[in-house]
Amino acid sequence: MEYGKCYLCGNSSEEVALLVCEVKGEEKKVCVRCLPMLIHG
Ligand SMILES: [Zn+2]
């Protein structure tokens, strides 16, 4: 199975948990480290 990558920092799910989110109608994966950044803009 191929590891997904965070669309912001490029971390793979091997290193950090990834979440799937939708950005401008596109499905993206984002890691929990980038999530606070995404929430706060
Ligand atoms: Zn990230």
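**Notebook: a β-β-α chain**

I read the elements from the N terminus on, and they run β-β-α. The model is predicted, and I keep that in mind throughout. I counted the elements next: the protein has 1 helix and 2 strands.

**Overall dimensions**

I looked up the extent of the C-alpha trace. Along its principal axes it spans about 30 × 20 × 10 Å. Then I checked burial. Of the 41 residues in the protein, 12% are buried. Residues 24 or more positions apart account for 19% of them.

**The hairpin**

How do strand 1 and strand 2 run? They run antiparallel, joined by 6 bridges. Strand 1 covers residues 18–23, and strand 2 covers residues 26–31. Leu19 has Val30 in strand 2 as its bridge partner. The two strands form a hairpin, with 2 residues between them. I noted a general point about side chains here. In a regular strand they alternate between the two faces of the sheet.

I went to the loop between strand 1 and strand 2, where Lys24 is found. Its phi is near 50 degrees, a positive value in a residue other than glycine. Is Lys24 buried or exposed? I counted 5 C-beta neighbours inside 10 Å. The cut-off for exposed is 12 or fewer, so Lys24 counts as exposed.

**Before strand 1: Ser12**

I moved back to the segment before strand 1, where Ser12 lies. Ser12 has 14 C-beta neighbours inside 10 Å. Exposed needs 12 or fewer and buried needs 20 or more, so Ser12 counts as partly exposed. Which residues is Ser12 in contact with, leaving aside its neighbours within four places in sequence? I found Tyr3, Gly4 and Lys5. I then looked up Cys31. Ser12 and Cys31 are 19 residues apart in sequence. In space they are 8.1 Å apart, C-alpha to C-alpha. Cys31 belongs to strand 2, which ends at residue 31.

**Before strand 1: Glu14**

Glu14 also lies in the segment before strand 1. I counted 9 other C-beta atoms within 10 Å of Glu14. Glu14 is therefore exposed. I looked up Gly4 again, this time against Glu14. The two are 10 residues apart in sequence and 8.4 Å apart in space, C-alpha to C-alpha.

Conventions: Residues are numbered from 1 along each chain as its sequence is written. This is a predicted model: local features need pLDDT of at least 70, side-chain atom pairs count only at pLDDT 80 or more; totals for chains, interfaces and linings use all residues. Two strands pair if DSSP finds at least two bridges between them. Helices (H or I, at least four residues) and strands (E, at least two) are DSSP runs, numbered from the N terminus. Two residues are in contact if their C-beta atoms, placed from the backbone, lie within 7 Å.
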